[in-house]
Amino acid sequence: MIDPHLHHVPRLGRYPSRFRLAGTPIITVMIGSFLTALPIIAQSAILPPFGLLILLSWRLLRPELWRTWIGIPLGLFDDMMSGQPIGSAIFLWTIALIGIDWVEHRMVWRSYRQDWLIAAVAIIFCISGGWFFARITGGGSVSFSLVAPQMVWTILLFPFVVRQCARIDRWRVMA
Amino acid sequence: MARPPSRRPGINRRAQYSLFASYVVALVGAAIGLLLVVVAIFDPTGFAALRVAAAEVSRPASVTMKGMVSGVSSIDEVLAAYWQAGSQNVGLRRQVEADRNRIIESKAIAQENLRLKKLLKLVDEDSSDLLTARLIASSASSARRFARLNAGAWQGVRPGMPVRAPEGLIGRIHITTPNSADVLLLTDTSNIVPVRRASDNIPAISTGLGDGSVEIRALTAGRNPFKPGDLLVTSGIGGVYQPNIPVAVVVRAEGEIAYGVPLANPARVDAVVVERVFEEAVTRPGPSAPAVAAGAEAEASGGNAAAP
C-alpha cells in the first residue's frame with residue numbers, strides 16, 4: 001500500500017502560484033483568529049487563541065517565511081475579532097516573534113521538543129499579557145485563575161496544530 | 001535536527017539592511033500597539049470604528065452558523081418525540097381538552113381586566129422595548145466577557161442600552177456598529193449593576209466575576225444579610241436598568257461578599273430584548289426631554305452603570 005499522500009507529487013515544470021505560497025499561511029492564521037465568530041456564548045475564556053497557535057506553528061515550521069513585522073497586521077486582525085483592546089495582540093505577537101528570533105540565534109540544536117518549549121513560553125507570555133491588558137483597560141479585577149486553564153490547553157493543543165500546519169504546508173509547496 | 005537555515009544574511013550589505021529595517025518596523029509596530037492599549041486605558045470604547053469592518057464581515061457567518069447550531073441541537077428533541085408516540089398522543093389530547101376550558105376562562109378574565117383598566121383610566125404604555133435580536137458570537141478566547149448581538153446602530157441600538165431575556169438581565173450594550181453590537185455581559189468583571197433583594201428591598205451591588213457568576217456586596221452596614229436562595233432584581237437606581245428585572249440568585253455567602261448565579265444564561269436564551277435606557281424611557285415625553293435623554297445616554301455609555 002502506497003501512502004496516499006505520495007499520490008500528490010509535484011509535476012515536472014509546474015510550480016505553485018505565488019499567492020498560494022505566500023497567502024496560505026496568512027489566511028490560515030486569519031481563519032484561526034476568525035474562530036471567535038463561532039456561535040458560542042462563552043461564560044469564561046474557553047476557546048484557545050487559535051490565531052496565535054497557528055502563527056507560532058508557521059513561524060517554527062518555516063523560519064524563513066515571515067519577517068517579524070508580520071505580527072502587526074495579523075495581530076490587528078486578531079484584536080478586531082477577539083474582543084481584547086486594540087493593540088494588545090499587535091504588541092504581544094510582535095514581541096513574541098522578535099523573542100523567537102532572538103532565541104533561534106542562540107540555540108545550536110533544536111528539535112520538536114524545543115519547538116514546543118518555545119511555543120509554550122510564547123503562549124504563556126501572550127495569554128498573560130492579554131490578561132494584563134484586559135485588566136488595565138477597564139476589565140476590573142479579572143483573576144488570573146480564569147485564564148490559567150486556557151493557557152494549559154493551548155499549550156497541549158500546540159502539537160496537534162503544528163501537525164495540521166505541516167500538512168497544509170505540504171499541499172502549499174506542491175503544485 | 002540541526003538548526004534551521006539561518007536568517008543572518010552573511011556579507012550581503014543590502015540583505016543586512018533589509019533585515020535590520022524589518023526589526024525596526026516590528027519594534028515600531030509593537031510600540032504603536034502598546035500605545036493603543038494605553039489609549040484604551042483611558043477610553044475603553046475608543047477605536048470602535050476599527051472593529052466595524054471585522055464585525056460586519058463576521059456577522060453573516062455567525063448568523064448562518066447560529067442557524068445551523070439551533071437546527072442540530074433540536075435533533076434529539078425530534079427523536080425523543082417518536083419514543084412512546086402513541087401514549088403521548090393520548091395524553092396530549094386530554095391535555096388539550098383540559099386547556100381549552102382554561103383558555104376560555106382566561107379570555108374572559110382578560111376582557112374583564114381591560115374593562116376595569118378603562119374604568120380606572122389607566123393606559124398601559126410600556127414602550128421601553130426597542131427590539132428583539134439574537135446573540136450570535138462572543139469573545140470566547142479573551143478574559144473579557146462580550147457577546148455580539150445581531151442588531152446595531154441602524155436598528156436603533158445605542159451604547160448603554162440594557163439587554164434582557166425573559167429569564168432575566170443579560171447585560172448592557174458596549175459598542176455598536178451598523179448591523180451588530182457588542183453586549184457587555186452581566187458576568188464581565190467591569191459590569192456593575194445596582195440590585196435589591198426581591199423580598200425586602202435590601203440594596204446591593206452586583207459585579208461580574210468573569211467566570212459565569214457574580215459577586216454581590218450589600219450596601220447596608222453590618223454583617224452580610226444574604227443567604228443562599230435569595231433572589232435579586234434590578235433596583236432601577238442609576239437610571240440605566242428598569243426596576244424589577246430578575247438578575248441573579250445567591251448561591252453562597254462568605255464574609256462580606258455573597259456569590260450569585262445569573263438567572264439568564266446567555267448561551268441558552270434564544271432571543272434577547274434590547275430596552276431603552278430606563279431614564280430615557282421615563283422622561284421621554286415633553287419638550288425638554290431630548291437634552292435629558294442625551295445626557296443620560298452619554299453617562300451610561302461613558303462609565304459603568306452608575307452606582308447608587
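Hi everyone, let's start with a single residue. Gly140(A) is partly exposed because 17 other C-beta atoms lie within 10 Å. To place that label: buried is 20 or more other C-beta atoms within 10 Å of a residue's own, exposed is 12 or fewer, and partly exposed is in between, with C-beta atoms placed from the backbone.

Before going on, a word about what we are looking at. This is a predicted model, where local features need pLDDT of at least 70, side-chain atom pairs count only at pLDDT 80 or more, and totals for chains, interfaces and linings use all residues. Residues are numbered from 1 along each chain as its sequence is written, while chains are lettered from A and ligands numbered from 1 in the order in which they are written.

Back to our glycine. Gly140(A) sits in the loop between helix 5 and helix 6 (148-173) of chain A. Helices here are DSSP runs of H or I with at least four residues, strands are runs of E with at least two, and both are numbered from the N terminus. Contact means that the C-beta atoms, placed from the backbone, lie within 7 Å.

That takes us across to the other chain. In total, 54 residues of chain A contact 49 residues of chain B. On chain A's side, helix 3 (71-82), helix 4 (88-106) and helix 5 (112-139) each give at least two residues. Which helix of chain A has the largest share? Helix 5, with 8 residues. By type, this side of chain A has 32 nonpolar, 19 polar and 3 charged residues. In this count, nonpolar means Ala, Val, Leu, Ile, Met, Phe, Trp, Tyr, Cys and Pro, charged means Asp, Glu, Lys and Arg, and polar means the others, Gly among them.

Now let's walk into chain B. An open sheet of 7 antiparallel strands has the order 1-13-4-5-6-3-2. Strands pair when DSSP finds at least two bridges between them.

Strand 4 runs antiparallel to strand 5 (residues 168-176), with 4 bridges, and a hairpin of 2 residues connects them. There, Ala165(B) faces Gly168(B). Strand 4 also pairs antiparallel with strand 13 (residues 272-275) through 2 bridges, where Arg164(B) has Val273(B) as its bridge partner.

Chain B also has a closed barrel of 6 antiparallel strands, running 7-8-9-12-11-10. Within chain B, strand 10 (residues 231-234) and strand 11 (residues 246-254) are antiparallel and share 3 bridges; Leu231(B) is opposite Val249(B).

Finally, confidence. pLDDT is the predictor's confidence in each residue, from 0 to 100. Chain B has a mean of 78, with 80% of its residues at 70 or more. Residues 286-308 of chain B stay under 50. Where pLDDT is low, the predicted coordinates should not be read in detail. For the complex, the predictor gives an ipTM of 0.78 and a pTM of 0.73.

Definitions and conventions
Two residues are in contact if their C-beta atoms, placed from the backbone, lie within 7 Å.
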